[in-house]
Amino acid sequence: MVSKKERGQVIILIAAGIVLLVAMAGLIVDGGNAYLNRRSAQTAADAAALAAAYEYCVNDGSMNSIEAVATKYATVLNDATAVIQPDGGNGVVLTSDEVTVYTQITADTFFAKILGIPQETVSAKASASCFNPKGVGAGDDIMPIAWACRPPEGEEPEEDCVLQKIPYAVFEQIESSGFNFSQYLLDVGDGSTASSYQTDIGGTDEGKMIYVIMDTDKFDPEDDCAEADNGGSIICDFNGDDIYDVGSGAERGWLWLEGKTGADALRDVMTSGVTSPVEINSWYPGETGVKNTVFDAAKDHRLGRIALVPVFDVICADIHADDFDTDCAPYDPGVDQIFGRNGKKTYYHVIAFAPFYVSCVAKNNESCPGKDFAGIDKSTIEGYFVDGYIVDSEIGGSFDLGVYILSLTE
């Protein structure tokens, strides 16, 4: 027989067991929910940081626009309930290097309510930034063409390169509008509206954007370089060392990027890209001649696409790789790499990459708007540089030519 005293002890044990079960249920259910919310908060912080970094680095956004983008990606497009630091500080922190975003998710509890905890808040943090690529590849992004780094007008040669570029977001609008790239040139626009680049079609040529990346006219420094003793219009000495930094003689800026020589190697890269990364602070040998098959490959595989163009600042002409220490003054043996070491070649010092939309390719007597505007009567590869183009590549870099790696840093 159980006494009344013993029955009272059982009730106490049952009550304690119920409390323990509720606590365990709260730990399992509410703890699991908190874990899921923590992951959601981190996802929101990551997305917001990447979007804010894009706004900061690529769009050169103001603090207000950066905060607006971060808040949109955290709360509207993801599940965060607030963009704020755990101590109540500003949820978007901007430094010269990166953007940091703090997110919170506050959710009602289930069993923990019984214990006087009606809500639970979890926090997360992410940082992101943009980088210029130090290496691009392997893949089909690269064209085997060298483009000269030109300093800003009136500035010293060691200043950053200058290209007339179209913001990538605006360029997408122009492309989607049905603009006929093979027939018309784009004007110099205002940097924000697609219509500003499409004015004066069929009218005046003043202000038209044009970049002929490659043509088959032979370069002659005696006639083409802008010096006191001739009427040339091309600045050939970019770094002020009295050495021409453009191709001479039969050099036209074709680059050997795969360690192979000849038109077939150039055509393969133009067709399929590179199989290993192309690095900045590296010297790549140039190829001579017209290379009609490479123009064919450009028309078949690059037309209507964005490619990355290696940009160089210095050329060392007719030099053997073993003689760089003595015969190529800008060479830094502790940093620079040399590719293609067989025999004497003209080497280009690659310092950056520029995203370039190939709008038209013309062979011989074929027509392209840039070719016609420039008065070139031979083959051309032409198009427009764009700004704010994101690639998947290695972090690092040099000059800012409009191609970026968007990466989480924390």
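Hi everyone, let's start with a pair of strands: β11 and β13 (residues 344–362) run antiparallel and are joined by twelve bridges. Strands here are DSSP runs of E with at least two residues, helices are runs of H or I with at least four, and both are numbered from the N terminus. Two strands pair if DSSP finds at least two bridges between them.

A word on where this comes from: the model is predicted, so local features need pLDDT of at least 70 and side-chain atom pairs 80 or more, while totals for chains, interfaces and linings use all residues. Residues are numbered from 1 along each chain as its sequence is written, and side-chain values use heavy atoms, leaving out hydrogens and water.

Back to β11. Ile 306 has Tyr 357 of β13 as its bridge partner. β11 also pairs with strand β5 (residues 147–148), this time in the parallel sense over two bridges, and Trp 147 stands opposite Val 311.

How many of the 15 residues of β11 (residues 306–320) are buried? Eleven are, so the strand is largely enclosed by the rest of the structure. Buried means under 20% relative accessible area, exposed is over 50%, and partly exposed lies in between, with a 1.4 Å probe and protein chains only.

Next, an open sheet: five strands in the order β1-β2-β3-β16-β15, with mixed pairing. β1 (92–94) and β15 (389–390) are at the edges with a single partner strand each, so one side of each has no neighbour in the sheet.

Asn 37 is buried, at 15% relative accessibility. Leaving aside residues up to four places away in sequence, Asn 37 touches Ile 105, Ala 107 and Val 122, where contact means heavy atoms within 4.5 Å.
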